[in-house]
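I opened the model and kept notes as I went. Here is what I looked up.

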Amino acid sequence: MVALSKVILALVASALLLSRPSAAHPGLGFGWGGGSGGSGGGHGLLPEYYLYSCPQVNDIVVSVLEQAIEREPRMAASLLRLHFHDCFVQGCDASVLLDDSATIASEKRSQPNANSLRGFEVIDEIKAKLEEVCPGIVSCADIVALAARGSTVLSGGPNWELPLGRRDSRTASLTGSNNNIPPPNSTIQNLITLFQRQGLDEADLVSLSGGHTIGVARCTSFKQRLYNQNGNNQPDATLERNYYQDLKTVCPRSGGDNNISPLDFASPVKFDNSYFKLILWGKGLLTSDEVLLTGKVGKTMNLVKVYAEDESHFFQQFARSMIKMGNISPLIGFNGEVRKNCHHVN
Ligand code: HEM
């Protein structure tokens, strides 16, 4: 009797699984709760979302990425950051890709993004290829998430099963972009609060900051540390002396705001744990990097040390945290749309 009811239960469960909305069409949205955001699984996203509707999706993304990163190695970093700046503003909904229009105040104009966020042409190239092969199927938000994962893997970082099925927003939030994305001179409390608002904890904060193992920052993002960290015309005392001297040559007291310096000068295009080792040596580029260690929060301080010691631990947590960040408030079911062109609503 027990065995029979187990069989029946299993049959019902698999029937329910199979009856999930087909990948090519929006689901009914019953009980899927779009917009919940934060931690935990579910969210209605599925790694197999395009299995039948666009099975080549990841191959196409990766082939465009390979060429783009070969042309310009920094592009991997730029695309990883794009996903972060998308997800922290009304969820991972490609709002960051929308241009100014009669109804849209573009997030591209925000303080964190202006003259800084990049990679839009690569997203366009991927979208164009996907529209040829499976028109109207793959959302811009999923493309950004796939590009972030692909860029991580192609840079030597971890891989993960990426839940898919995000739909694209019909709105953007310029104020959200200004208020939710932490500035480079953030205190540790500031960082913890802004991550918590997205349902992300200290382990997510530290591991995701490890995204700074690739890419660069402009002088304007770290100038304060060199010349006037606390309003007393003194450099940040936590900066290692030789590193400080080097940075001053790239980033003079006046001018040079767009000069760039690697976030991880030990290996700027390799995804590894040297970012954390540099922090231990006082060679983190941004205040927000160094305060993970010096901010007097035991949890983040300890995690910097753990990830500096053990790269595989960092990789594991980074993958977990990327999935969590990618699950922030997705639009699913009949919410949002699949944009034809990532720059504009349909
Ligand atoms: C913890 C809070 C964070 C702060 C305060 C922060 C701040 C910054 C700043 C100021 C830059 C340089 C921008 C410029 O000067 O133009 C930058 C670059 C970058 N950020 Fe972050 N970031 C944070 C978290 C993240 C996260 C979570 C990721 C991804 C997982 C990420 C990935 C990147 C990458 C890859 C770059 C280099 C981009 C390029 O070279 O084009 N950051 N970040």
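**Ground rules.** I am working on a predicted model, where local features need pLDDT of at least 70, side-chain atom pairs count only at pLDDT 80 or more, and totals for chains, interfaces and linings use all residues. Numbering starts from 1 along each chain as its sequence is written, and side-chain values use heavy atoms, with hydrogens and water left out.

**Overall.** I found 14 helices and two strands in the protein. Helices (H or I, at least four residues) and strands (E, at least two) are DSSP runs, numbered from the N terminus. I then checked burial: 52% of the 346 residues count as buried. Buried means under 20% relative accessible area, exposed over 50%, and partly exposed in between, with a 1.4 Å probe and protein chains only. Next came contacts, meaning heavy atoms within 4.5 Å. Among those between residues at least 6 apart in sequence, 75% join residues at least 24 apart.

Where does the ligand sit? I see that the space it takes is the largest pocket. A pocket, on a 1 Å grid over the protein atoms alone, is an open set of points where a 1.4 Å probe fits, with protein on both sides within 12 Å along at least five of seven lines. A molecule sits in a pocket if more than half of its atoms lie within 2 Å of its grid points. Helix H3 (75-87), helix H7 (188-196), helix H8 (202-209) and strand S1 (216-218) each give two or more residues to the shell around the ligand. H3 gives the largest share, five residues.

I listed 27 residues around the ligand, with Ser 78, Ser 116, His 212, Arg 218 and Ser 221 coming nearest. A residue is near a molecule if one of its heavy atoms lies within 4 Å of it. By type, the shell divides into 15 nonpolar, eight polar and four charged residues. Here Ala, Val, Leu, Ile, Met, Phe, Trp, Tyr, Cys and Pro count as nonpolar, Asp, Glu, Lys and Arg as charged, and the others, Gly among them, as polar.

I looked at polar contacts next (a pair of N or O atoms within 3.5 Å). Ser 116 places a polar side-chain atom 2.5 Å from an oxygen atom of the ligand. For Ser 221, a polar side-chain atom is 2.6 Å from a ligand oxygen atom. Val 216 uses a polar backbone atom, 3.0 Å from an oxygen atom of the ligand.

**Positive phi.** Most residues other than glycine have a negative phi. I noted Ala 94, with a positive phi near 60 degrees. Asn 115 also has a positive phi near 60 degrees. Ala 94 is in the loop between H3 and H4, and Asn 115 is found in the loop between H3 and H4 as well. Are they buried or exposed? Ala 94 is buried, at 0% relative accessible area. Asn 115 is exposed, at 58%.

**Cysteines.** Cys 92 is found in the loop between H3 and H4 and is buried, at 0%. I logged its contacts beyond four places in sequence, among them His 83, Asp 86, Arg 166, Arg 167 and Met 325.

Cys 134 lies in the loop between helix H4 (120-133) and helix H5 (140-154). Cys 134 is buried too, at 6%. Beyond four places in sequence, Cys 134 touches Ser 53, Cys 54 and Gln 56. The C-alpha atoms of Cys 134 and Cys 54 are separated by 5.9 Å, though the two are 80 residues apart along the chain.

Note on methods: Polar contact = N/O pair within 3.5 Å; in protein donor to acceptor, adjacent residues only side chain to side chain. 1 Å grid on protein atoms, 1.4 Å probe; cavity = no way out; pocket = protein on both sides within 12 Å on 5 of 7 lines; lining within 4 Å.
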